[in-house]
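Subject: Model handover

Hello,

Here is the model we talked about. Please look it over first; my notes follow below.

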Amino acid sequence: MDKIWLVFQREYLVRVRKKSFIVMTILGPLLMALVMIVPIWLATMSDDTKIVQVLDESGYLKGKLTSTEELKFVNVAGTLEEAKASYLKSEDAALLYIPKIDLEKPQGIQLFSQKSTSLAMKGSLEKQVRQELEEVKFANSGIDQQVLDKIKTPISIRTVNLSVEGEKSSDVAVTTGVGFIGAFLIYLFIFIYGAQIMRGVIEEKTSRILEVMVSSVKPFQLMAGKIMGIAAVGLTQFLLWIILTSAISGVVAARFDLKRFSDAQINQTMQGMENDRDALQAQEIHEVVSAAQNLNVPLLVGSFLFYFLGGYLLYGALFGAVGAAVDSETDSQQFMLPITVPLILSFIVAQTIIVKNPNGPVAFWMSMIPFTSPVVMMLRLPFGVPGWEMALSMLLLVLGFIGTIWVAARIYRVGILMYGKKVNYRELSKWLFYKG
Amino acid sequence: MQPILQIQGVSKFYEAHQALNQVSFDVPKGSIFGLLGPNGAGKTSLIRIITQITAPDEGRVFFEGQPLQPQHVQQIGYLPEERGLYKKMKVGEQLVYLARLRGMEKADAVQRIKVWAERLNLKEWLTKNVEDLSKGMQQKVQFIATVLHEPKLLILDEPFSGFDPVNANIIRDEILKLREQGCTVIFSTHRMESVEQMCDYIVMINQSQKVLEGSVREVKSRYTSHTYQVEGTGKLMITSPDFKVLSQKQHGNHFQAQVRLEPQVGPNQLLRYLIERVEVQHFQEEVPSIHDIFVQTVTQK
């Protein structure tokens, strides 16, 4: 046990003191903060207003196009040829040409520009022109715009989980979101740090230190210490990221006075909205909050930790075994594939089938198989999973990682002293039954 | 005196072949013991059994009279042929780590590392990363790692590979010093001249079987060809049926000859025979070198 502890210490300290670890620990939160701050910053910063010249021969749009912060409309007159010529001399963004059109079949609307126009600009112009033309058509057919607005009925269904204990407000978006974050973290962690285990073993193999090591440490102790040490490195990094990210975003939020901005934005979005929309939104916010409150947080956190560690141990052992079986990272591909496929598969299926039907047969079986259960179960959990399924899945995961650790330890034991030999699956399966 | 290591009927089987077949021998305490054999003979398999990296399929190994147990690892120092160090670790830290894995206290290890580093001129390198060291220096670090915990039994597999002659001599002297302090050394090498220089006993393994065992002198005398180099003045004419002249050169009054004794004939008889006829200036038995014995034993099979 104390040897595992020694190996653990070394694996941990060597990695934590590496420059790349320190750099990533500092850069990570900065990147995350950037991801959060940049969109807001970009939104606050208005783009240059683009001027669009409008040549309207139809007469439907005269003065109707409303200039926004992004687009400013300037009416021009004359023939198309003249307009084109004068547009070329100007530095304006585009020239919108609306010919005399048949309202039923509006054709021939063109946008001329010196540089390619963005999709967003094209979309916004199409929308405005469509709205204006529709309004003309409404008026022509005697429909009052106000009547039409009244007919439009926004619907939001309040979802409630009904059980013997009572009713619980739930929000699909919140539950999916929470599950997704948990599943994603597990997936990411297994991939990043599983690969580190493999690289660590390969490094030991290529540096020829292993024979010295195994003469004083049992291969299993070496593997166990390494897997746990790297897990501790990962957890340290995650923890530092969380602390630093919240610190950075706190500082930035105070600096930029984001509150004022978000209030302004809410006001902006609420402008022109009817009162019932307001109420509806308030209710939605209320539902999100109450759904979040209704999540069983201790259960979620507890199971997250369980599946996180279980999944990591299961895959970590296999990554270690792959490292032991090959001589260099380039040889590892053929053995990596069967490990990564179930992991990637569970993540892809998670995004489609399981989110659609969190209690269906696919979800059930994938949350039982230890190779997929860590990711899949995290997604299902917020939707509520029967106790027995949970227990069975956890039991299977424990059996699963004991199994993979057994397999990995056997491969590891033989593999680490095997140099310059290309191994295949047949060879590997033989290693499982080599005597001590 | 009880041997430090007893190997009794050890066999090891792998999938396709047998690596060791009923190998038995004792390693006397305080000796330098040569473990010889061609590549693939089974030496590494045997060493891995002694260091408990693998277990024998048959037979038993005793360390100081006790069946081999995990705690004996702390009494054994092993320098494998395929050896290396963690490249990204500082030399000093690495030595402490390896020493602690063999059961040493940290403070103890640090102290002894200082002594050894001083002895092998590595002192200013202790805070450097291993990858900054030359290959020879890395070998020195590995040697220190092997002997740091003051093992009773040292197993050195090709200890001189990678050393220049000067450093090889330094290491050889350290090995001899350790033996004086009571350490037993098992020495596996293909460099026969160092076996001749250093070893007290040898065991030779060929095709997974023990083919030769004994003290160096004993083995040599077993392989003696009863041939003598003779030089002197006079005209040499050997006519006796007891002696067979293998080669003879005559330069004027000076002769040189290679004479083999027939069985049951002693060197004194030859000497007496010669003294009566010529003046003997040089008389020496042709002793086979370990190298010759090695080649002879391996090719015989």
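Helices (H or I, at least four residues) and strands (E, at least two) are DSSP runs, numbered from the N terminus.

From α11(A), the contact uses Y315(A), L318(A), F319(A), V322(A) and A325(A). From α12(A) come F335(A), M336(A), I339(A) and L343(A). Contact means C-beta atoms, placed from the backbone, within 7 Å. The residues of this contact divide into 9 nonpolar, no polar and no charged. Here Ala, Val, Leu, Ile, Met, Phe, Trp, Tyr, Cys and Pro are nonpolar; Asp, Glu, Lys and Arg are charged; the others, Gly among them, are polar.

A word on conventions. This is a predicted model: local features need pLDDT of at least 70, side-chain atom pairs count only at pLDDT 80 or more, and totals for chains, interfaces and linings use all residues. Residues are numbered from 1 along each chain as its sequence is written, while chains are lettered from A and ligands numbered from 1 in the order in which they are written.

Next, A408(A). It lies in helix α15 (residues 387-415) of chain A. A408(A) is buried, with 28 other C-beta atoms within 10 Å. (Buried takes 20 or more such atoms, exposed 12 or fewer, partly exposed in between; C-beta atoms are placed from the backbone.) Beyond four places in sequence, A408(A) touches M223(A), A317(A), L318(A), G320(A) and A321(A).

Now the A–B contact. Chain A gives 17 residues and chain B gives 23. α1(A) gives the most to the chain A side, with 4 residues. That side divides into 7 nonpolar, 4 polar and 6 charged.

Last, chain B. L5(B) sits in strand β1 (residues 5-13). L5(B) is buried, with 23 other C-beta atoms within 10 Å. Its contacts beyond four places in sequence are V27(B), I50(B), F63(B) and L153(B). Helix α1 (residues 43-50) of chain B has 8 of its 8 residues buried, so it is largely enclosed by the rest of the structure. I50(B) is one of those buried residues. Q52(B) follows α1(B), with a positive phi near 65 degrees.

Best wishes

Methods. Contact = placed C-beta atoms within 7 Å.
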